[in-house]
Amino acid sequence: MDLTLYVWRQNGPDEKGKMEQYEAKNVSPDSSFLEMLDEVNEELIANGELPIEFDNDCREGICGTCGCVINGVPHGPQEKTTTCQLHMRQFNDGDTITLEPWRAGAFPVVKDLVVDRSALDKIIQAGGYTSAYTGEVGEANQTLIPKPDADYAMDAAECIGCGACVAACPNGSAMLFTCAKVAQMAVLPQGQVEAAERVKNMTEALLNAGFGNCTNHYECEAACPKGVSVKFIAKSNREYIKALGK
Amino acid sequence: MQMLQSSIGRKLVMAATGLCLVGFVIVHLLGNSSIFIGADGINAYAEHLHSLGPLVWVFRIVLLGLFGLHIFFGIQLTLENSAARPIDYVEKQNIRTSFGAETMIYTGLAILAFVVYHLLHFTMHVTNPEISVGVLPLDALGRNDVFTMVVLSFQKFFISAIYAGAMVALLLHLSHGIQSLFQTLGLLNGKTLPVMEKIGRAVAVVAFIGFVSIPVSILLGLIKV
């Protein structure tokens, strides 16, 4: 299949960027989206041009490194799929595809489709941990956790930190990312000790990093490659209300 | 005070004031619908409200405070949110959100403009002083003739059109706002959110039909002086 790509090209953080057109010829429908970009890049390099920079690492859909906005949707048209796990069979011969980086003030563009997501680390640093003394590895069943709580925490912990929720949010908010962590820890005994400070500090860090506020568009959940639910945002709101008196 | 700088804290203020304002809209709708009983219905209702004396002013000041907070934080949050994406997408496709959710600030400001006009019209009698309870004769029982004021007003197509337009804004605002406030108050989970989205839209539609049925009935001559 032959495709026309419109790709955001930007040489550096302070440079001005613009959309440029590329042709992708003889693309196999069985190749992944990133493999298609690899082939386009090989041709660019052969022609002495700079390749399109994009983030990627595991290419197995679990690390959260890859991701760009494909035809207006973070990670592209397939539900619950990272960019690396998106395959070209999702597109048709002759399609036009636009590629843009995650757009948020808190995610400055490093180059082309690569953005700096260290703002998410700042949110985690503000409370996405437990200060419990760990020491030796404990007995397996030393701290009993009911199965429904464990499942709930695991669902929240599915977040791979890719930032698609921010990219999708009309307000550029990282609320789903933040609340997945708040909710995950709030149901576990180890996390409950610091629950009140955690929700306050992490949401404060979210604002300080330049993210917007949540207004319940739920675009984050729709774009999330792991299907992290906005129920964790409601849970964090409850945690915030509980923390008000403390 | 820290709460009024926090992201979730201000959202809670929006939700709590929003909940009260939804309550006000419903009570106002029920009160207004007394016009379908005729002059006896709405004139008695208005007389009853005014007989509450100082309570009327307590109510008005509380309502003003709720409106003020809702508007102030609504504008502040909207400005912050648009600043969070300084460079916009060339192409952005939304999957889940609704037209109502995307236009909250516009429908909100439209409702504000309408509320100001509505008060100038029916409460302060500035815009159409010739049809106001001060000018119109008292009804047979010696009460302010609110019924005649409303009917003569809505018989003017222009006034009815403004009113109906504002109710479209209210419809859109509530279609997102009701489910959104329950989510913000932390009262929803994965199962109840889709249900509340439907309930919110249904309440918005009922409120819209309820309010608009009054000028429509008057224009169609179903309610007349």
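The model is predicted.

Chain B is built from helices. It has 8 helices and 0 strands. From the N terminus on, its elements read α-α-α-α-α-α-α-α. The C-alpha trace of chain B spans about 60 × 40 × 35 Å along its principal axes.

Chain B meets chain A through 41 residues of chain B and 47 residues of chain A. Together the two chains bury about 3500 Å². Of this area, 52% lies on carbon and sulfur atoms. The search for salt bridges across this interface finds 0.

One helix pair spans the two chains. Helix H9 (residues 231-243) of chain A and helix H1 (residues 7-32) of chain B have axes that come within 10 Å. The axes cross at roughly 95°. H9(A) is therefore roughly perpendicular to H1(B), since angles of 65 to 115 degrees are classed that way. On the side of H9(A), the contact is made by A:Ile233, A:Ser236, A:Asn237, A:Tyr240 and A:Ile241. H1(B) contributes B:Ile8, B:Gly9, B:Lys11 and B:Leu12. By class, the residues of this contact are 5 nonpolar, 3 polar and 1 charged.

Chain A contains an open sheet of 5 strands. Their order is S2-S1-S5-S3-S4, and the pairing is mixed. Strand S2 (18-24) and strand S4 (73-74) of chain A stand at the edges. Each has a single partner strand, so one side of each is left without a neighbour in the sheet. Strands of a sheet pair through backbone hydrogen bonds, either parallel or antiparallel. Strand S1 (residues 3-9) and strand S5 (residues 96-100) of chain A pair in the parallel sense, over 4 bridges. Within S5(A), A:Ile97 stands opposite A:Leu5. A helix also packs on these strands. Helix H1 (residues 33-46) of chain A lies across S1, S2, strand S3 (69-70) and S5 of chain A. This helix runs at about 80° to S1(A).

Salt bridges were also counted. Over all chains, the structure holds 14. Side chains of opposite charge can pair when their charged atoms come close. In one salt bridge, the side chains of A:Asp112 and A:Arg9 meet at 3.2 Å, N to O. This pair links distant parts of the chain, with the two residues 103 residues apart. A:Arg9 belongs to strand S1 of chain A. A:Asp112 sits in the loop between strand S6 (109-111) and strand S7 (114-115) of chain A.

Methods:
Residues are numbered from 1 along each chain as its sequence is written. Chains are lettered from A and ligands numbered from 1 in the order in which they are written. This is a predicted model: local features need pLDDT of at least 70, side-chain atom pairs count only at pLDDT 80 or more; totals for chains, interfaces and linings use all residues. Side-chain values use heavy atoms; hydrogens and water are left out. Axes are lines fitted to C-alpha atoms, for helices over the stretch in contact, and angles run from 0 to 180 degrees between N-to-C directions. Angles under 35 degrees count as roughly parallel, over 145 as roughly antiparallel, 65 to 115 as roughly perpendicular and the rest as oblique. Contact means heavy atoms within 4.5 Å. Ala, Val, Leu, Ile, Met, Phe, Trp, Tyr, Cys and Pro count as nonpolar, Asp, Glu, Lys and Arg as charged, and the others, Gly among them, as polar. Two strands pair if DSSP finds at least two bridges between them. Buried area is the accessible area (1.4 Å probe) that two parts lose on being put together, summed over both. A salt bridge is a side-chain nitrogen of Lys or Arg within 4 Å of a carboxyl oxygen of Asp or Glu.
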